[in-house]
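Thanks, everyone. Please have the sequence and the model open while I talk, and stop me if you lose the place.

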Amino acid sequence: MVLNLLFITTVIKSTFGVVTTGLWLIPLLLAAITYYRYDAVDPESRPLDQLNLWPEYDFIVVGSGSAGAVVANRLSEVRKWKVLLIEAGPDENEISDVPSLAAYLQLSKLDWAYKTEPSTKACLGMQNNRCNWPRGRVLGGSSVLNYMLYVRGNRHDYDHWAALGNPGWDYENVLHYFKKSEDNRNPYLSNSPYHGRGGLLTVQESPWHTPLVAAFVEAGTQLGYDNRDINGAKQAGFMIAQGTIRRGSRCSTAKAFLRPIRQRPNFHLSMNSHVTRVIIEPGTMRAQAVEFVKHGKVYRIAARREVILSAGAINTPQLMMLSGLGPSKHLEKHGIRVLQDLPVGENMQDHVGMGGLTFLVDKPVAIVQDRFNPTAVTFQYVLRERGPMTTLGGVEGLAFVHTPYSNRSIDWPDIQFHMAPASINSDNGARVKKVMGLKESVYQEVYHPIANKDSWTIMPLLLRPRSRGTVRLRSANPFHYPLINANYFDDPLDAKTLVEGAKIALRVAEAEVFKQFGSRLWRKPLPNCKQHKFLSDAYLECQVRTISMTIYHPCGTAKMGPSWDPEAVVDPRLRVYGVRGLRVIDASIMPTISSGNTNAPVIMIAEKGADLIKEDWLHNPEYKVKRQDSPGYSDSDGDSMSAASSNIYKHLTLNRSPLEFLTLYLSSYNRLILQITLSLRIIGSIIIVAGSVELVR
């Protein structure tokens with residue numbers, strides 16, 4: 001914040017040094033007046049933390065990530081429904097807006113900073129054999145930490161979900177929900193029947209690319225793969241990545257779905273609120289309320305209709321188990337009363353990739369951190385919304401390919417490539433190795449000798465792993481992080497498939513088009529793999545198990561399935577089995593992982609889940625809330641609440657201390673400073689126009 005103040009003060013002083021004559025003062029005053037009203041009317045102004053919560057809401061949504069933000073938006077479209085969205089973390093910050101700085105958000109206060117349990121089969125090159133698992137603890141959730149890649153998955157993924165006994169989840173049905181939220185601004189896709197225009201979520205390419213990504217796409221065509229829209233009719237092929245960015249900045253679900261509804265009178269947001277459990281009445285098995293801690297105080301807020309868990313594939317199962325829903329033996333071990341024996345925390349899947357493939361080039365065409373002038377790059381981003389800072393976390397190219405283990409007769413590839421014009425060595429060990437959790441000995445021996453050299457990489461990732469992991473409670477303390485067993489490569493075929501993917505990646509890098517850059521593989525072997533012949537299948541499998549990288553896509557821990565499926569936690573309408581008034585709407589419900597990055601599928605799940613809730617409560621007579629059940633509550637747009645609920649649950653948001661009010665004031669002041677920074681663009685434009693007028697006169 002101090003740096004912000006210094007920067008703004010300098011700009012204002014220099015500006016006023018130039019604009020002290022009559023004509024210049026008028027546009028500056030107009031800009032100031034415009035700013036004064038800007039915060040109240042701009043749909044992208046930040047949502048505010050609600051100070052005075054009601055004792056009861058119709059719907060309480062837990063988690064504001066890729067799913068929760070969408071659900072809260074869509075439910076609050078019904079004016080008579082009062083919706084509370086609860087988020088454990090704070091709002092986004094200025095760094096989170098910058099696409100290229102995604103790695104700097106990981107391991108920060110916006111990240112839960114989870115780690116997997118030690119493994120003997122994977123993550124062998126990571127500290128203590130544990131992989132870092134970043135998860136968003138911020139308004140917008142992991143859509144604030146991710147690399148913004150917009151990938152829907154394969155049509156066969158969703159047809160498979162339907163075949164497992166989940167009607168309505170086939171591709172033809174879910175395509176509508178993908179298109180509903182999308183505002184695709186790529187001109188060549190404007191008339192595509194597979195894309196939407198005018199939705200709340202902006203999707204487009206980064207406005208800045210290196211020449212390496214064009215070579216990557218051309219190399220794919222040389223291998224027989226088409227340059228295609230991988231979110232269109234077919235998936236197998238190569239393309240320049242699309243991402244959730246808007247005007248060169250990250251378009252998180254908080255920005256897309258929450259900022260436009262900040263002034264809805266029936267929507268409340270509570271940030272920095274750690275939910276500890278869902279209160280379920282044992283006799284009726286109905287979810288009645290949510291308990292959370294905010295600023296050291298315990299709150300209990302009642303849910304008149306439903307509680308929706310959208311806390312993600314780690315926190316949702318943790319919260320369910322803390323509330324008495326889960327494997328009975330595991331809950332009893334921690335002294336938690338079992339309300340419903342369900343396979344919560346099972347069936348966990350993730351896309352694991354092989355990192356470390358590094359290709360050196362002779363020409364200065366890659367992203368090398370020390371080469372860029374910070375001032376020039378920053379102003380290019382701020383003033384023109386262009387430049388290296390708009391890259392999607394560094395990823396420029398995507399591809400989907402078939403290994404010998406996949407069925408080539410259908411369009412359902414089993415390997416995805418992430419291509420980046422940089423590698424582990426590109427920042428001289430400043431950030432990438434820390435985010436990965438790479439052992440210092442591995443970095444020093446393999447990557448330090450080529451620090452700051454021009455290089456690029458292909459990361460093959462496994463699309464449909466056969467291995468399954470688990471999420472378990474560490475204890476009954478809701479503030480203790482859960483136990484995450486990724487269980488990577490428990491099925492040996494997963495590692496073998498990734499090896500085949502790595503061999504295809506090497507063939508891509510050897511394509512004729514890359515020779516213009518002098519591209520060649522860095523052939524320094526990993527220290528624990530030296531016993532194998534370099535690039536042999538045995539060596540590649542060793543690298544797969546050494547630099548095993550999560551692609552940040554955990555899912556499946558509250559599986560959707562029919563009542564006869566013993567692994568199912570929720571039904572096809574996302575209702576938790578055996579509990580009334582409780583649904584799960586996030587990546588947890590995926591029966592099997594989608595073939596590609598999961599952010600777009602989770603947004604689709606949220607869009608469809610919100611419609612399921614509307615269908616039930618607006619059209620199904622069984623869901624009608626009778627007035628005698630909740631005396632004192634008006635089912636109109638009024639603000640009266642249930643008298644019974646008010647007596648049971650105390651309203652604890654009053655009587656804030658002076659220190660809390662000071663904290664809230666400073667938070668608002670910081671938002672003011674950030675918006676002034678953004679408004680400098682407007683002021684600068686007005687000054688230029690006015691200057692032109694003065695010159696003409």
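Strand E19 (residues 397-401) and strand E20 (residues 415-420) pair in the antiparallel sense over five bridges, where two strands are said to pair if DSSP finds at least two bridges between them. Within that pairing, Ala399 stands opposite Phe417 in E20. E19 also pairs in the antiparallel sense with strand E7 (residues 237-240), over four bridges, and there Gly397 in E19 is the bridge partner of Ile240. The element names come from DSSP runs, helices being H or I of at least four residues and strands being E of at least two, numbered from the N terminus.

Residues are numbered from 1 along each chain as its sequence is written, and side-chain values use heavy atoms, with hydrogens and water left out.

Why is E19 described as largely enclosed by the rest of the structure? Because five of its five residues are buried, and buried here means under 20% relative accessible area, with exposed meaning over 50% and partly exposed in between, for a 1.4 Å probe and protein chains only. Both faces of E19 are covered, with Gly397, Ala399 and Val401 buried on one side and Leu398 and Phe400 buried on the other. In a regular strand the side chains alternate between the two faces of the sheet.

On one pairing, strand E1 (residues 56-62) joins E2 in the parallel sense over four bridges, with Ile86 as the bridge partner of Val62. E2 also pairs with strand E11 (residues 267-270), again in the parallel sense and over four bridges, and Phe267 in E11 is the bridge partner of Val83. Together with helix H3 (residues 68-75), E1 and E2 make a right-handed β-α-β unit; right-handed means that, with the strands pointing away from the viewer, the path from the first strand over the helix to the second runs clockwise.

Next, a helix. Helix H15 (residues 537-546) has seven of its ten residues buried, so it is largely enclosed by the rest of the structure. The buried residues are Tyr539, Leu540, Cys542, Gln543, Val544, Arg545 and Thr546, and what covers them includes strand E17 (352-354), helix H14 and strand E25 (548-550).

Turning to the aromatic residues, the structure holds 20 aromatic pairs, counted when the ring centres of Phe, Tyr or Trp (its six-membered ring) lie within 6.5 Å, with planes under 30 degrees apart called stacked, over 60 edge-to-face and the rest tilted. Trp112 and Tyr114 form a stacked pair, 5.9 Å centre to centre with 5 degrees between the planes. Trp112 is buried at a relative accessible area of 8%, and Tyr114 is buried as well, at 2%. The rings of Trp133 and Tyr488 have their centres 6.5 Å apart and their planes at 50 degrees, so that pair is tilted. This pair links distant parts of the chain, since Trp133 lies in strand E4 (residues 132-133) and Tyr488 in the loop between strand E23 (483-485) and helix H14 (492-509), 355 residues apart. Both Trp133 and Tyr488 are buried.

Returning to Trp112, the charged end of Arg137 sits over its ring, 4.7 Å from the centre, where the criterion is NZ of Lys or CZ of Arg within 6 Å of the ring centre and within 35 degrees of the ring normal. Lys608 has its charged end over the ring of Trp169, 5.1 Å from the centre.

Finally, which stretches have a pLDDT below 50? The protein chain averages a pLDDT of 87, and 83% of the residues score at least 70, pLDDT being the predictor's confidence in each residue, from 0 to 100. Over residues 33-38 the pLDDT is below 50, and beyond near neighbours in sequence this stretch has five contacts in the model, a contact being heavy atoms within 4.5 Å. Residues 627-675 are also below 50, with 86 contacts beyond near neighbours in sequence. Where pLDDT is low, the predicted coordinates should not be read in detail.

Conventions
This is a predicted model: local features need pLDDT of at least 70, side-chain atom pairs count only at pLDDT 80 or more; totals for chains, interfaces and linings use all residues.
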